[in-house]
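Trainee: I'd like to learn how to read a ligand site, a cavity and a strand pairing. Can we take them one at a time?

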Amino acid sequence: MEAPAVAPAPEALPKVRTDLLPLLLVPLLALAAAPLVGSFPTWVTLTVAGIAMGLIIFIIASGLTLVFGLMDVLNFGHGVFIALGAFLATTVLGGMADWTASQSLAANLAAIFAAMAVAMAVAGAVGMAFERVIIRPVYGQHLKQILITMGGMIVGEELIKVIWGPQAIPLPLPAALRGAILIGDAAVEKYRIVAVVIGLAVFAAIFWVLSRTKAGLLIRAGVQDREMVEALGYRIRRLFVGVFVAGSALAGLGGVMWGLYQQSVIPQIGAQVNILIFIVIIIGGLGSAGGSFVGALLVGLLANYAGFLAPKVALFSNILLMVLVLLWRPQGLYPVAKR
Amino acid sequence: MSGALLALEGVHTHIGAYHILHGVHLTVPRGGLTVLLGRNGAGKTTTLRTIMGLWRASHGRVLFEGADIAARATPEVARLGIAYVPENMGVFSDLTVEENMALAARGARRAAEIDRARLEWIFGLFPALRKFWLHPAGLLSGGQKQMLAVARAIVEPRKLLIVDEPTKGLAPAIVQNMVSAFRELKRTETTILLVEQNFHFARALGDTVAVMDDGRVVHAGTMAALAGDEALQQRLLGLALAAHH
Ligand SMILES: Nc1ncnc2c1ncn2[C@@H]1O[C@H](COP(=O)(O)OP(=O)(O)O)[C@@H](O)[C@H]1O
Ligand SMILES: [Mg+2]
């Protein structure tokens, strides 16, 4: 095969332009909060807490935003998987009392990882059933989708009450992870450091999959143009089920981490976190995993700064953040280019 | 050429409540390039989308290699060996040129597994793609995106190539590049079904031609016969064509 001899038209090299502005908001927010908080050690404590919370929210929100991006499915039932993960953690960690009571960090972490593995497996399996029974019959019907996924959430919450009871269940941290360590003058809770490390690892794994694997490329392509992915010969339905199951498993993982962060679990935990994650995926740009990462960090940091500076408006602060972001970028920080 | 690779028989397509295709008959001979002409809104894109299973034919048959594929889902249609370049090009703008190509190559798990010789051949057809290989496709110009869209469709050998208006909005130099690329493709015996408004482009490449109007094929024959008959051109293509004379 030979190429025809045609002189290509003169072409300018387009500039590779990465939109870093939204990412910069994270350090900007942290810096802006510093003088308001006043004391540097307190600021460090709040910032680490905010990053830990943000990363946990990101783990939960990443699946939700991709599920929407791929199939226009808004799953208001996502919170069920969070609650499921958190309650499973109470059972698994309760059953491994010897391990969690041990002063050995390795034993503690092994118990936490066991809880995470169980939570992810069960949440993933329940997610698969949820997709088939609740989501699939209402594809493309937005109103029904909202109603039925909310219904699924309520049913899930009631089932959790049946299994674990309606009351709050304490979820104490394993022995070696209790308390804080001093970094300079700043007291940083040990568990928050663990949460940051795990959160960053999950973040790296998600981005590795999305940028380096064929399945990841297909997900990103499908978020943008589902039809074209099918016209290239890929079954987007299967891809979607995979993303839904992975997203549910991640929500289960996030539930474990959230429960440990709060050190107590209530059946309404799913509904509570739901509000935060919807704010996050709207701020980030529906369908954008990178956007939900930035959005989650902003929400986590702001929740902690506001909780310290003005506890009365703390709840309101994230809504305000969302409004401001949408005034700046109506499609969110990283709008997904749809066909 | 030996017989039809693709044949539509009395295909009707509804989009929602609208009846768009009213019994389309179309034959695409094996190994040749068939041009589908017709004014805006005639139903050309709808015909291509119906072949791809992106719209479902409500009546009639879509025969590919003799088998009726009218009821198949789009991925299955593609896997029969049909590549499709949609009117909007369908380029994934968040992905790099390389990643776009890697997805189009179903047999490759990553870009490095794309057949090297074939890639060099494609770079020969569209040199811009080599230059912008690692750039996000969204940064390409319209012409470069069109090149990428066609390149994706040929990254692996396919039996049938369906291309919707590849010259729409392109500068003359790029159109010339496209003509050369399609000439080269024709040499590889790929069967091509091309929707085209630019009659110069169509005439330069087409072996057979079908003209649509109002959801039907109103004329089918060889390109040579249509090119040599100005009265027929006038009647079929009317004023839309006059501009090109
Ligand atoms: N998604 C759609 N919904 C409703 N009508 C459509 C849609 N797509 C195309 N049509 C109508 O179908 C007819 C044929 O359109 P199309 O196949 O795109 O024509 P062509 O490609 O020949 O310009 C037009 O009248 C157009 O308005
Ligand atoms: Mg068209």
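Trainee: How far is an oxygen atom of ligand 1 from an N or O atom in the side chain of Lys44(B)?

Mentor: Remember that this is a predicted model. Look for pairs of N or O atoms within 3.5 Å. Here the Lys44(B) side chain places such an atom 2.8 Å from an oxygen atom of ligand 1. The protein covers 61% of the ligand's own accessible area of 560 Å².

Trainee: Which backbone atoms lie by oxygen atoms of ligand 1?

Mentor: Check Gly41(B) and Ala42(B). A backbone N or O atom of Gly41(B) is 2.7 Å from a ligand oxygen. For Ala42(B), a polar backbone atom lies 3.2 Å from an oxygen atom of ligand 1.

Trainee: Which residues surround ligand 1?

Mentor: List the shell, then sort it. Among the surrounding residues are Ile15(B), Tyr18(B), Arg39(B), Lys44(B), Thr45(B) and Trp55(B). By class, the shell holds five nonpolar, five polar and two charged residues.

Trainee: How does S2(B) pair with strand S1 of chain B?

Mentor: Ask for the sense, then count bridges. S1(B), residues 4-15, and S2(B) run antiparallel over nine bridges. Ile15(B) sits opposite Tyr18(B) of S2(B). Both of these residues also belong to the ligand shell. Now look at the turn. Two residues separate the strands of this hairpin, and Gly16(B) has a positive phi near 60°.

Trainee: Which strand of chain B pairs with S1(B) over six bridges?

Mentor: That is S4(B), residues 57-64, again in the antiparallel sense.

Trainee: Which residues line the largest cavity?

Mentor: Check the chain letters first. Chain A contributes Met228(A), Ala231(A) and Leu232(A). From chain B come residues including Ile82(B), Ala83(B), Tyr84(B), Arg106(B), Arg152(B) and Arg158(B). Then read the classes: nine nonpolar, no polar and three charged.

Trainee: Which elements carry that lining?

Mentor: Helix H9 (226-231) of chain A, plus strand S6 (82-85) and helix H6 (142-153) of chain B, each supply at least two residues. S6(B) gives the most, with three.

Key:
Residues are numbered from 1 along each chain as its sequence is written. Chains are lettered from A and ligands numbered from 1 in the order in which they are written. This is a predicted model: local features need pLDDT of at least 70, side-chain atom pairs count only at pLDDT 80 or more; totals for chains, interfaces and linings use all residues. Side-chain values use heavy atoms; hydrogens and water are left out. A residue is near a molecule or strand if one of its heavy atoms lies within 4 Å of it. A polar contact is a pair of N or O atoms within 3.5 Å; within protein, one must be able to donate a hydrogen and the other to accept it, and residues adjacent in sequence count only if both atoms are side-chain atoms. Accessible areas come from the Shrake-Rupley method with a 1.4 Å probe; for residues, only the protein chains shown count as cover. Ala, Val, Leu, Ile, Met, Phe, Trp, Tyr, Cys and Pro count as nonpolar, Asp, Glu, Lys and Arg as charged, and the others, Gly among them, as polar. On a 1 Å grid over the protein atoms alone, a cavity is a set of points where a 1.4 Å probe fits but cannot get out, and a pocket is an open set with protein on both sides within 12 Å along at least five of seven lines; lining residues have an atom within 4 Å of a point. Helices (H or I, at least four residues) and strands (E, at least two) are DSSP runs, numbered from the N terminus. Two strands pair if DSSP finds at least two bridges between them.
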